[in-house]
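Hello,

Here is the structure we spoke about. Please open it next to this email; my notes follow below.

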Amino acid sequence: MALSRRQFLTLMGGSAGAAVLFQACGLPEKELLIDSPPAMPEDLVSGIDNWYATTNNQGGSSEGIVVRVMEGRAKKVEGNTNHPLNLGGHSALSEAALQGLYHPDRITAPQVRTGPRGSGEYREISWEDAIARLSSRLGELDSSNENNKAVFVSNPTGGHSGLVLEKFTDSLGSRHLSYEALETNVLRTALKAVFGTDSIPEFDIDNADLVLSFGADFLSSWVSPTRYARGYGEFRQGHEHRGRLIHVDSRFSMTAANADQWVHVNPGTEGLLAMSIMQVLSSSHSNAVFGDLDADGVLDSYSPVNVANEVGVSVDIINQIADDFSHSEHPIALGGGSAGAHTNGTQNLKAIYSLNHVASNLGKKGGVLLNPRSPIDGVGAAPPSNSFSEFYRLAEEMKAGNVSVLMVKDADFYYGMTDTADMKVALDSVPLIVSFGGMMDDTTSVADLILPQHHFLEDWGTDVPLAGPGYQMIGFQQPVVRPFFEHRGSNLGTKGFADILMATAQVMGKDLGLDGETFKEVIKNDAERLYELDRGGIVANSFEGFWNGVLQRGGWWDTSYKIDNVPEVNRLDGVASPEFGGLEQEFYIQPFISTLGDGSAASLPWLQAMPDAISTATWQTWVEINDKVAGKKGISEGDVLEIRPANGRTIKALAMPNPAVPPDTIGIPIGQGHRDGGRYSAGRGANILSVLDSKLDSENGSLAWAATRANVTTTGEWIRVPKFENTVPEFPRDEHQDIIQITSGDNH
Amino acid sequence: MVDSNKWGMVVDIDRCTGCQGCVVACQSENNIPINLEEHFNQRRAIQWIRIERYWEGEYPDVKARFIPIMCQHCGSAPCEPVCPVYATYHNNEGLNVQVYNRCIGTRFCANGCPYHVRFFNFWEPEWPESLKNQLNPDVTVRSRGIMEKCSFCVQRIQRSTRESERDNEILEDGDRGLNPACVNACASNSLIFGNFNDPDSTVSKMKEDAMQEGGRGYRLMENLGTDTNVIYLRKVGESVVEAPHG
């Protein structure tokens, strides 16, 4: 008897089904629920779990999370359904916080360097000794009236940690610089100019019908991706009509992949395109806003015919985008990422955000909602970071011997500056480098004294989101587990960052003017002020009830406290053309954030192993290159390429051709190439930031990190690219049974 | 209230951004071994839920599409009849379950699965001592030689069912303790989980709406007749391959 495959499977299924059925007859129903050994009666484990709410603002974006704790150990992170920004969803970065908490390479006690700098040779010392060393050194500076020789560099730190840090550096009379590798500084400068406030507004993507984004990979890495993804879901399928996403970018990013229309532009010309769209709208529609916006008549020179060639987009497409924008009821324009990372970055973003004035969408549903000030005076969102030009100046001061103590917290600028060799010379000139790092990173690896801070899941804190929900809010961070190194005793292990500063100030006899002896007390006392406001979502009869409510919900917010007045419309400036380093080089380099943020998440194996959305590559540094261009050059996947900008510095990375890369561009992910950072990141891949030209934004001195060009050469070596693609066999191709099925139209 | 449960999922790929938040949430919940570089190079990385990326066209008319794929918990599962030791079987709640301590590692089930969602432990899973503190005590760590796959987080179904019975409460549709980890993580609400036997559940309503004429619903490789418990909702948009524009 000939048996077809289908018949065979049916027969097999039938016989097995009969077997299961037979089994089912003889077994009690509950028995069939035995699915995996933990549920088996003889070793049933059914511990009690508790979920604690806290806030994660690592990496700059705020997320309310709840953490599952069993027997004193954190087991799982989930989104806090109450939190106004993420409403229950959460990012991979939040999930991977667990691996940061239990990382095998965490620093378990204060350390003092015993070998040469960078040798990794340290000796454990007590907290008493560590704080005495720091305070006596700072005290010497103070008494000799050389206050300006101590410098504190941190990540942009807001909330109560930011408050304590500011009071501490003020009391020392030392300078404080905020560092971030990819600066929101440009964005905040532009927002300040356009909306009159440098906090990042809420984009009500949920209720918009057109999102026109420029360069901002907002679904993957830009500002607050979890919040935007939440909005995106509703934007697509939460309303009767599906929203339309037009993404303007010089790279095919994850957001570009999700867009209905990806408009490829030449790098750095996003602002020209925005100006041109406004020019079309001003000439075809009577809109009173242009009277203020274009009082100087600058738009005239940006007609589609004038800019189409430079932008690399046809006149028709510019007209079509303008048409779509003007015919939408609730359009939003947003921009950032690579659009702000050029010599004309601030100008680009100013032009882009001005489109919202044209749409008159400020303060409206489906538009741009400005964020009110923090509910607690003196406790705000993180201040803007200092620009790269300020860090170049700092490096010069270090070299000149004008910095005698450098304190560093969560700011790995030795990794992130463009010329790390130069930064190394500068750091070597500083007599004492103190790091508060709880894990090694490149900068901590050259520190003389390490005072390891708690992981954020072990510490108190508050978070005023830089990109708030459009109303007043403050997130609360509480320890969800006891410190992991508590067993080492109070004189070893880790301590909370703010508590370290407060203890140091106390030893130095300085009064920081804080309301409380410990960091927790400071926060709790300020929470009492919130309670006295007698508004917001937490209603309680006593402060203790309010305090418990705040901790249970993960924060305090008042949905009715919004900004109602629309800011004045400022006049448009012109947008200059971008400038590039090494015009004779063949490719534009497009650095991009993949899964490791700015590199600070490289120590976390879940994020290292998380496939890049576009290439599915993991654990390595790869080069996105157009597959046809690669073919012509004889480059195949895994070929080791040397990236050579005109500045002479080079890195090697693995070729990863794909069909969406613009032919004149290479994309390289940021985040690898650490000297130190634990077993999962040290010595892995290459650091693209280290070879960028030191081109700066013309208005605020920020690094124009997308303004470098480079040649690409093969080295003759080949390394297999660790990628998820092809880990499982490809599905058979069947034109009637596509795996991804697409339907046109607006139906549900 | 319904007498029996049939757990299932609806996946709206028009909402999915391809962010991989679900992938990492799953790794965390289910004690999936850390996929090191060499595991990817050997093509032996384990992801119970994965995001597949499909290319359409080429620059400049190019699209990349994302789809999350996990065990489809087939009603007629090709993996079930081929297991010689009944390590994989269908339970009475519609789940395709894997009993690890029965599995002898023939890998017949992985060969039989058309969705390639079954993963074999070629190596003994290893974690540095301190990272073991994160492991979920409700989920077994699978040893070398064992097949594993998405269980719809059966430990959560069991725990929440047990607790609701204990407290004499009704387990509500969309309960966060019941939802698989991927569903809770998904910021864009692409993944919805629930009971297909309950006509009032969100998934039942979505399925009914989606599978009617003109609806967006489909099953992966429906022609195989696997009767999956995962319903996909079609992506909305234009295909650049069939109707190139520009």
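A:Asp463 has A:Gly475, in strand 18 of chain A, as its bridge partner. This is a predicted model, so please read every value below as computed. Strand 17 of chain A and strand 18 (residues 472–477) run antiparallel and are joined by three bridges. They belong to an open sheet of three strands in chain A, ordered 17-18-19, with antiparallel pairing. Strand 17 (461–463) and strand 19 (555–558) of chain A are the edges, each pairing on one side only. On average, neighbouring strands in this sheet are turned by 20 degrees against each other, direction ignored.

Strand 9 (residues 210–214) and strand 10 (residues 244–249) of chain A run parallel, with five bridges between them. Look for A:Ser213, which stands opposite A:His247 in strand 10 of chain A.

Now chain A as a whole. It has 21 helices and 26 strands. Its C-alpha trace spans about 85 × 80 × 65 Å along the principal axes. Does the radius of gyration agree or disagree with that of a compact globule? It agrees, because a compact globule of 748 residues would come near 27 Å and chain A has 28 Å. Buried residues account for 58% of the 748 residues in chain A. Of the contacts in chain A between residues at least 6 apart in sequence, 73% join residues at least 24 apart.

- Domain 1 of chain A covers 49–101.
- Domain 2 of chain A is made of 111–179 + 378–558.
- Domain 3 of chain A covers 202–369.
- Domain 4 of chain A covers 587–718.

I looked at one pair of domains. The C-alpha centres of domain 1 and domain 4 of chain A lie 30 Å apart. Seven residues of domain 1 of chain A are in contact with eight residues of domain 4 of chain A. On the domain 1 side, helix 2 (92–95) and helix 3 (97–101) of chain A each give two or more residues. Helix 2 of chain A has the largest share, three residues. By class, that side of domain 1 has three nonpolar, three polar and one charged residues.

Finally, the two chains together. How many residues of chain B are in contact with chain A? The count is 83 residues of chain B, against 86 residues of chain A. Several elements of chain B supply at least two residues each, including helix 4 (154–166), strand 2 (50–58) and strand 3 (61–69). The largest share on the chain B side, seven residues, comes from helix 1 of chain B. That side divides into 34 nonpolar, 30 polar and 19 charged residues. Strand pairing also links the chains: two bridges join strand 26 (residues 742–743) of chain A to strand 11 of chain B, and these run parallel. There, A:Ile742 stands opposite B:Lys235.

Best wishes

Notes. Residues numbered from 1 in each chain as written. Chains lettered and ligands numbered in written order. Predicted model: local features only at pLDDT ≥ 70, side-chain atom pairs only at ≥ 80, totals over all residues. Helix = DSSP H or I, 4+ residues; strand = E, 2+ residues; numbered from the N terminus. Rg over C-alpha atoms; globule rule 2.2 N^0.38 Å. Buried ≥ 20, exposed ≤ 12 C-beta atoms within 10 Å, placed from the backbone. Contact = placed C-beta atoms within 7 Å. Pairing = 2+ DSSP bridges. Domains from an automatic or database assignment. Nonpolar A, V, L, I, M, F, W, Y, C, P; charged D, E, K, R; others polar. Axes fitted to C-alpha atoms, helices over the stretch in contact; angles between N-to-C directions.
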